[in-house]
Amino acid sequence: MWGQAMRKILRKLEQNIPLQDQEYEQLMDYIDQLRQSAPESYALFCQQYGVILYEHYSTYLPRFPAGMDELIEYLVRNPSAGKAIGALPASLSVFPPALHPYLMYMLHHDPLALQSLEIPEAIALSGNSSSLPEPRKQPVVCKFEDANINKETGLRAHFDRLSRFTFVSRLQSYRYLTRHKAAHDRIEVVNGQCLGGIFTNKEKSIYYYIFLTEDNLDKAHLACQTINSALYGSRKGS
């Protein structure tokens with residue numbers, strides 16, 4: 001189906017030649033097809049092109065079906081599991097099977113990243129179970145400017161990543177940052193059911209909303225800390 005057109009796009013990526021908007025859209029559709037129908041090919045694609053897409057197109061591709069984002073959320077929901085990180089691989093059964101491939105990969109390739117996880121302060125200090133909003137029962141709803149999911153390079157992939165958090169019910173971009181781009185991306189609490197975020201690509205910064213599955217201010221703060229810890233390794237915006 002993709003053939004010569006996709007080979008041309010991939011050559012441009014390898015040669016650091018900017019993609020046209022239509023080419024980028026075709027590439028995102030191709031990646032989606034790989035993710036859904038050819039997991040092994042998708043993993044190889046991430047290994048070969050993931051860094052290029054992130055550095056030049058602000059497009060993050062999760063290499064594993066469950067990775068750092070899911071691990072952070074699991075540890076927040078199950079604080080006692082944090083001690084099992086240092087006992088891997090013997091403690092692998094403590095974690096959901098979906099996380100096993102990621103944990104084993106990190107254990108062999110970047111164990112320091114596992115040991116230095118930044119868990120939200122509410123969990124790290126108390127060690128007690130704190131409550132995130134309940135897991136959603138329906139798929140995440142994503143709303144983009146002009147209903148164009150590829151209008152802003154990287155935003156679609158950013159929303160895909162945020163959708164991996166089970167307490168997110170809806171994502172919606174709503175306006176641009178005027179004058180200058182943001183100094184850094186961040187997520188902050190708006191109210192008990194909504195967080196506000198800023199996403200930046202090479203051209204502009206976009207404001208967006210993250211709607212949660214419950215309306216509870218304490219849970220919203222913990223959800224905000226959880227996402228910031230996973231995406232940015234910080235507790236900013238808590």
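Me: Which residues have the most contacts inside the largest nonpolar core?

Reply: As a general idea, nonpolar side chains in soluble globular proteins tend to be buried together. The model before us is predicted. Its largest nonpolar core has 46 residues, and those with the most contacts inside it are Leu71, Phe95, Leu103, Leu162, Ile210 and Ile227. At least two residues of this core come from each of H4, helix H5 (100-109), helix H6 (111-115), H8, E2, E4, E5 and helix H9 (217-232). Helix H9 gives the largest share, seven residues. A separate core of 18 residues lies apart from it, with Ile9, Leu10, Leu19 and Tyr30 among them.

Me: Which residues is Ile227 in contact with, leaving aside its neighbours within four places in sequence?

Reply: With those neighbours set aside, Ile227 contacts Leu162, Phe165, Phe167, Ile187, Leu195, Ile210 and Tyr232. Two of these partners, Leu162 and Ile210, are also listed among the residues with the most contacts inside the largest core.

Me: How many salt bridges does a search of the whole structure find?

Reply: The general idea is to look for a side-chain nitrogen of Lys or Arg within 4 Å of a carboxyl oxygen of Asp or Glu. Here the search finds eleven salt bridges. In one of them Arg156 pairs with Asp32, and the closest N and O atoms are 2.2 Å apart. Because Arg156 belongs to helix H8 and Asp32 to helix H2 (residues 21-37), this pair ties together parts 124 residues apart in sequence. Both Arg156 and Asp32 are buried. A network of salt bridges links Asp29, Asp32, Arg35 and Arg156.

Me: Where does Asp69 lie, and where does Arg161 lie?

Reply: These two side chains meet in a salt bridge, at 2.7 Å from N to O. Asp69 is in helix H4 (residues 68-77) and Arg161 is in helix H8, so the pair ties together parts that are 92 residues apart in sequence. Asp69 is buried, with a relative accessible area of 2%, and Arg161 also counts as buried, at 11%.

Me: Is Glu152 buried or exposed?

Reply: Glu152 counts as buried, at 6% relative accessibility. Its side chain meets that of Lys204 in a salt bridge of 3.7 Å, N to O. Glu152 is in the loop between strand E1 (141-143) and H8, while Lys204 is in the loop between strand E4 (194-200) and strand E5 (205-212), and the two are 52 residues apart. Lys204 counts as partly exposed, at 28% relative accessibility.

Me: Which backbone oxygen does the side chain of Arg164 reach at 3.2 Å?

Reply: The side chain of Arg164 reaches the backbone oxygen of Pro65 at that distance. A polar atom of the Arg164 side chain also lies 2.9 Å from the backbone oxygen of Phe64. Arg164 itself is found in the loop between helix H8 (155-162) and strand E2 (168-176). Neighbours within four places aside, its contacts are Pro62, Phe64, Pro65, Ala66, Gly67, Asp69, Glu70 and Glu73.

Methods. Residues numbered from 1 in each chain as written. Predicted model: local features only at pLDDT ≥ 70, side-chain atom pairs only at ≥ 80, totals over all residues. Heavy atoms only, no water. Helix = DSSP H or I, 4+ residues; strand = E, 2+ residues; numbered from the N terminus. Polar contact = N/O pair within 3.5 Å; in protein donor to acceptor, adjacent residues only side chain to side chain. Contact = heavy atoms within 4.5 Å. Buried < 20%, exposed > 50% of the residue type's maximum accessible area, 1.4 Å probe, protein only. Core = buried A, V, L, I, M, F, W, Y, C linked by side-chain atoms within 4.5 Å.
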